[in-house]
Number of protein chains: 2
Amino acid sequence: MTNRAALSRLSLNQRTTASWSLPEAVQGCVDAGLGAIGIWREPLAEVGLDEACRLVAESGLRVSSLCRGGFFTNPAEAPTAEARNREAIEEAAALNAATLVLVVGGLPPGDRDLEAARSSAAQAIEQLVPYAHELGVNLGIEPMNPIYAADRGVISTLAQALDIAERFDAADVGVVVDTFHLWWEPGVSEQLLRAGERIVSYQICDWITPLPADTLLARGMMGDGHVDFTAFSRSVAAAGYRGDVEVEIFNADLWAAPPTEVVNTMVERYLRLVQPYLGRDAP
Amino acid sequence: MTNRAALSRLSLNQRTTASWSLPEAVQGCVDAGLGAIGIWREPLAEVGLDEACRLVAESGLRVSSLCRGGFFTNPAEAPTAEARNREAIEEAAALNAATLVLVVGGLPPGDRDLEAARSSAAQAIEQLVPYAHELGVNLGIEPMNPIYAADRGVISTLAQALDIAERFDAADVGVVVDTFHLWWEPGVSEQLLRAGERIVSYQICDWITPLPADTLLARGMMGDGHVDFTAFSRSVAAAGYRGDVEVEIFNADLWAAPPTEVVNTMVERYLRLVQPYLGRDAP
């Protein structure tokens, strides 16, 4: 397999090279021979949606995800959250993104009712589905490592994300599978099989120890930590996933390094640890 | 209810007041009017088992747990692990501890096979059961927050701990329910009902954010974080648990404070946030 063919499903999530603007990140993906890019809304806003669409179309890259919608769980922010999410759906549609990643949000300030927060997240998703359906956008529920259950995402397992997603058509609501969030989940390979076509994004990065002091930046380059990428990638492939594989790493050391070096390392690790276990590439 | 009756099920785990020796901790529990103490093997070794048994008997305290056995998952340490665990069983028997807490261990160094580590933990427990049974000691499997899945404990949920425990008689193998580890688990109240009489220890402390830099010391005093102690304690009571409630908090700030103050705070928080929701006290 040529290097270009081997990289055809690899996607750079913008957060991995946080210092790059969207035009720089698009160029970085093209230069590295990647097939796709995962775009964040903040750098997207800096260039504007029209210019972003033009850049992406010109590059030939797929948009493997738009990050991110969600943050539904604070009742005080519910009206603005809905407006923000509708706007995100419009952007995802314009970019033809494979999914709009939903990080559902943590416990509301001073609130300890986890069940209620989980219910309100599910309800907020339900409210968004008609608009997403109308615009042909898939809403990807991202279960988050329990380390973030209090402050980022109250959906903690793939099983739990699927319990919500399965209430809707698979074309409308899927799940985002991120190794950092799910590597520890008991029975995760069975849940991946259960997910099947609902897997709309496969995000990869490693769980490293000791955990860095800032837990939001606690993610590692594939191979630097404890995740078994062979087993996990095989399970994702066995579930039928043939989409892009997005490298999303929040890490202060990586952010301080030259982005091109980070991309080179990411390519090398992907080719060694992940790509051989993904099954046949998408046609 | 008198204060003494209200505190009859409260237990101080020694790690909460780490600067106290075992004799100091025993005296601290007696002075505060607590019903029990959770003992750690290291401070136990400092005074010796015979002297510890004498101190505990004289104090009238129950031993709500002995911490801890386990650390089974590193094959290189398997023989010493078995010897250590047999010794811990003997100590738990001599102290008449309600359970020997098992922290099963993380991934072996350089190993990423989580399934294999989980299997080897279950096998090691199976090997210990006959000796524990002979000495009348309950082995309490402690599921640990996934934040520790790589380096401390590969059993990550109560459901998973029960899947192992249920292979054995309830008198021989139980589960340790710790709010820090389990507060986020989807369906945890159903799992507590499933556990029923297998709950051999209820440990409490809070999940605080931002998570302290040293994740081993990331636990908070009840009320300082996100755990809903009312709902959790009610679920533990609904499962039929009538044993001691052990406060186990690893936290550098608490360790720097005078232990008597820590105990006073712990008593106040317990009486306000936990005790009213525990159901009838044990006879």
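Predicted model: local features only at pLDDT ≥ 70, side-chain atom pairs only at ≥ 80, totals over all residues.
In chain A, 8 strands form a closed barrel, and their order is β1-β2-β3-β4-β5-β6-β7-β10. The pairing of these strands is parallel. From one strand to the next, the twist averages 30°. Strands of a sheet in general pair through backbone hydrogen bonds, in either a parallel or an antiparallel sense. One of the pairings in chain A links strand β7 (residues 199–204) with strand β10 (residues 245–247) through 3 bridges, the two strands running parallel. Within chain A, the residue that stands opposite A:Tyr202 is A:Val245 in β10(A).

Another helix of chain A, α6 (residues 114–135), lies across β4 (100–103), β5 (139–141) and β6 (173–178). Helix α6 runs at about 150° to β5(A).

Chain B also contains a closed barrel of 8 strands, which runs β1-β2-β3-β4-β5-β6-β7-β10 with parallel pairing. Neighbouring strands of this sheet are turned against each other by 30° on average, direction ignored. Strand β5 (residues 139–141) and strand β6 (residues 173–178) of chain B pair in the parallel sense, with 3 bridges between them. In this part of chain B, B:Leu139 has B:Val173 of β6(B) opposite. Helix α5 of chain B (residues 78–95) lies across β2 (36–40), β3 (62–70), β4 (100–103) and β5. The angle of helix α5 to β3(B) is about 180°.

Most residues other than glycine have a negative phi, and most peptide bonds are trans. In chain A, the peptide bond between A:Thr209 and A:Pro210 is cis, with omega about -10°. A:Pro210 belongs to the loop between β8 (206–207) and β9 (219–220) of chain A. In chain B, a cis peptide bond leads from B:Thr209 to B:Pro210, and its omega is near -10°. The loop between β8 (206–207) and β9 (219–220) of chain B holds B:Pro210. A:Phe71, a residue other than glycine, has a positive phi, near 50°. The position of A:Phe71 is in the loop between β3 (62–70) and α5 (78–95) of chain A.

Charged side chains form the next topic. Side chains of opposite charge can pair when their charged atoms come close. Over all chains, the whole structure has 24 salt bridges. A salt bridge joins the side chains of A:Arg272 and A:Glu268, with 2.8 Å from N to O. A:Arg272 and A:Glu268 are 4 residues apart in helix α12 of chain A, so about one helical turn separates them.

The account now turns to the interface. The size of an interface is often given as the accessible area lost when the parts come together. Chain B and chain A bury about 2,200 Å² between them, and 64% of this area is on carbon and sulfur atoms. Of the area that chain B buries against chain A, B:Arg112, B:Trp183 and B:Trp184 supply 25%, more than any other three residues. In terms of contact, 26 residues of chain B meet 26 residues of chain A. Between the two chains the count of salt bridges is 0, whereas 6 residue pairs are in polar contact across the interface. On the side of chain B that touches chain A, the residues comprise 13 nonpolar, 8 polar and 5 charged.

Conventions: Residues numbered from 1 in each chain as written. Chains lettered and ligands numbered in written order. Heavy atoms only, no water. Contact = heavy atoms within 4.5 Å. Buried area = accessible area lost by both parts, 1.4 Å probe. Salt bridge = Lys/Arg side-chain N within 4 Å of Asp/Glu carboxyl O. Polar contact = N/O pair within 3.5 Å; in protein donor to acceptor, adjacent residues only side chain to side chain. Nonpolar A, V, L, I, M, F, W, Y, C, P; charged D, E, K, R; others polar. Pairing = 2+ DSSP bridges. Axes fitted to C-alpha atoms, helices over the stretch in contact; angles between N-to-C directions.
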